[in-house]
Amino acid sequence: MKLSQLAAKPQLIRIELDTPEIVEQYRDTLEFWVYDRQDMDVFVKLATLDVNNFEKLTSLVNAMILDDTGSPVVKDGLTLPSDVLMAAIQKVIEILGKPQKSISETPAVK
């Protein structure tokens with residue numbers, strides 16, 4: 001297979017935060033969107049990021065947390081609650097580490 005056959009434009013995928021703690025705290029599941037494919041720059045930053053550097057990790061993931069139109073959720077001085085941010089970081093890292101086929105076949109990743 002040629003690599004050109006695998007190339008595609010990034011698609012928004014919905015991610016749900018539905019842990020018992022999140023549902024109890026916010027009385028609902030929370031959803032956000034990310035692109036199923038990231039630019040090489042973002043991929044390299046994620047792959048080489050020191051997990052102990054929480055500031056860079058948070059900054060990188062904040063830029064990846066989008067609404068359903070593809071606009072960043074965290075902007076203009078807005079921030080997320082710490083528990084939501086931690087859950088989102090964990091979910092983004094988990095989801096982007098999965099093979100592309102399984103991501104694109106799933107309408108909502110839980």
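**Helix packing, a salt-bridge network and a nonpolar patch**

Phe54 is partly exposed, with a relative accessible area of 39%. This value, like the others reported here, comes from a predicted model. Phe54 belongs to helix α3. Beyond its neighbours within four places in sequence, Phe54 is in contact with Met86 and Ile89. Both of these partners belong to helix α4, and both take part in the contact between α3 and α4.

The overall fold gives the setting for this contact. The chain has five helices and three strands. Along the sequence they follow the pattern β-α-β-α-α-α-α-β. The chain has 110 residues, and 29% of them count as buried. Among contacts with a separation of 6 or more, 60% are between residues 24 or more positions apart. The chain exposes about 7,700 Å². Carbon and sulfur atoms supply 54% of that area.

The packing of the two helices was examined next. Two packed helices are described by the angle between their axes and the distance between the axes. Helix α3 spans residues 54-64, and helix α4 spans residues 82-96. They pack at an angle of about 75°, and their axes lie 10 Å apart. Helix α3 is therefore roughly perpendicular to α4, because angles of 65 to 115 degrees fall in that class. From α3, the contact is made by Phe54, Leu57, Thr58, Val61, Asn62 and Met64. From α4, the contributors are Leu85, Met86, Ile89, Val92, Ile93 and Leu96.

Asn62 is another α3 residue in this contact. The assignment follows because buried means under 20%. Phe54, at 39%, is partly exposed. Not counting residues up to four places away in sequence, Asn62 touches Val74 and Leu85. Of these two, Leu85 is listed among the α4 residues of the helix contact.

Charged side chains were then considered. A search of the whole structure finds two salt bridges. In one, the side chains of Arg14 and Glu16 meet at 2.3 Å, N to O. In the other, the side chains of Arg14 and Glu31 meet at 3.4 Å, N to O. Arg14 lies in strand β1, residues 12-17, and Glu31 lies in strand β2, residues 30-35, so the pair ties together parts that are 17 residues apart in sequence. The salt bridges share partners and join Arg14, Glu16 and Glu31 into one network. Glu16 is buried, with a relative accessible area of 10%. Glu31 is partly exposed, with a relative accessible area of 49%. Glu31 is not classed as exposed, because that class requires over 50%.

The surface also carries a nonpolar patch. Met1, Leu3 and Leu6 make this patch, which covers about 410 Å². Met1 lies in the segment before β1. Met1 is exposed, with a relative accessible area of 80%.

Helices α3 and α4 pack at about 75°. Arg14, Glu16 and Glu31 form one salt-bridge network. Met1, Leu3 and Leu6 make a nonpolar surface patch.

Conventions: Residues numbered from 1 in each chain as written. Predicted model: local features only at pLDDT ≥ 70, side-chain atom pairs only at ≥ 80, totals over all residues. Heavy atoms only, no water. Salt bridge = Lys/Arg side-chain N within 4 Å of Asp/Glu carboxyl O. Buried < 20%, exposed > 50% of the residue type's maximum accessible area, 1.4 Å probe, protein only. Helix = DSSP H or I, 4+ residues; strand = E, 2+ residues; numbered from the N terminus. Patch = residues over 30% accessible without salt bridge, like charges linked within 9 Å, V, L, I, M, F, W, Y side chains within 5 Å. Areas by Shrake-Rupley, 256 points an atom, 1.4 Å probe, with all protein chains shown as cover. Axes fitted to C-alpha atoms, helices over the stretch in contact; angles between N-to-C directions. Parallel < 35°, antiparallel > 145°, perpendicular 65-115°, else oblique. Contact = heavy atoms within 4.5 Å.
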